[in-house]
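Here are a few friendly notes to read alongside the model. They cover the place where two chains meet, then one residue and its surroundings.

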Amino acid sequence: DTGVSQDPRHKITKRGQNVTFRCDPISEHNRLYWYRQTLGQGPEFLTYFQNEAQLEKSRLLSDRFSAERPKGSFSTLEIQRTEQGDSAMYLCASSLRLAADTQYFGPGTRLTVL
Amino acid sequence: AQSVTQLDSHVSVSEGTPVLLRCNYSSSYSPSLFWYVQHPNKGLQLLLKYTSAATLVKGINGFEAEFKKSETSFHLTKPSAHMSDAAEYFCVVSGIIRTYKYIFGTGTRLKVLA
């Protein structure tokens, strides 16, 4: 399968711990997005990469959050000092560079902070 | 600014009857519009997209949507519901220059009754 993959699929952690999620986009896609989806809501944009450059960050992304895409391929999203409010589904999507191209989503990582 | 309003949080239909999921959008730009479906524990799957070509867009699994600029609407329809259509549906607007990030509606949960 050559779709977007995310790891882990589920993560349970205690408040105050750090967590890191990984996203592997479709291989020829140079745009990569992170979204967060809380229960009963639609996904909300967090950040966006074009190749290895992080070009936009949402105000939702506090200083405890950091994302990287070091070689323009896979990306990681790290949350430091997790809080219960960070519990959500974290979705990764990728697309080609062309305008209005469809974003293809991974299965998501469900984070539960106890 | 861009926004999406899904007018119904829950819709119930009987199997074999038509489906109508309503979506209104607001956009300062010429928008791209999408419908995605999310089955439990599955990733977001693209149903269809509108990108300023034909106003009636056909998607997968018998779904279609009509772009009506005068009404700023992009409603999703299907002539005959199937049990497997039960899922969460999201209307999405894109088109913000440079990032093309998605703005999601809050979702409509479709229930199909036997």
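How many residues of chain A are in contact with chain B?

1. The contact (heavy atoms within 4.5 Å) takes in 22 residues of chain A and 19 residues of chain B. This is a predicted model, in which local features need pLDDT of at least 70, side-chain atom pairs count only at pLDDT 80 or more, and totals for chains, interfaces and linings use all residues. Residues are numbered from 1 along each chain as its sequence is written, chains are lettered from A in the order in which they are written, and side-chain values use heavy atoms, with hydrogens and water left out.

2. Across the interface of chain A and chain B there is one salt bridge (a side-chain nitrogen of Lys or Arg within 4 Å of a carboxyl oxygen of Asp or Glu). B:Lys101 pairs with A:Glu56, their closest N and O atoms being 2.5 Å apart.

3. On the side of chain A that touches chain B, strands E4 (31-37), E5 (44-50) and E6 (53-57) of chain A each give two or more residues (strands are DSSP runs of E, at least two residues, numbered from the N terminus). The largest share, four residues, comes from E4(A).

4. Now for B:Tyr89, in strand E10 (residues 87-94) of chain B. B:Tyr89 is buried, with a relative accessible area of 1% (buried means under 20%, with a 1.4 Å probe and protein chains only). Not counting residues up to four places away in sequence, B:Tyr89 touches several residues, including B:Trp35, B:Phe63 and B:Leu47. The C-alpha atoms of B:Tyr89 and B:Leu47 are separated by 9.3 Å, although the two lie 42 residues apart along the chain.

Technical notes
Buried < 20%, exposed > 50% of the residue type's maximum accessible area, 1.4 Å probe, protein only.
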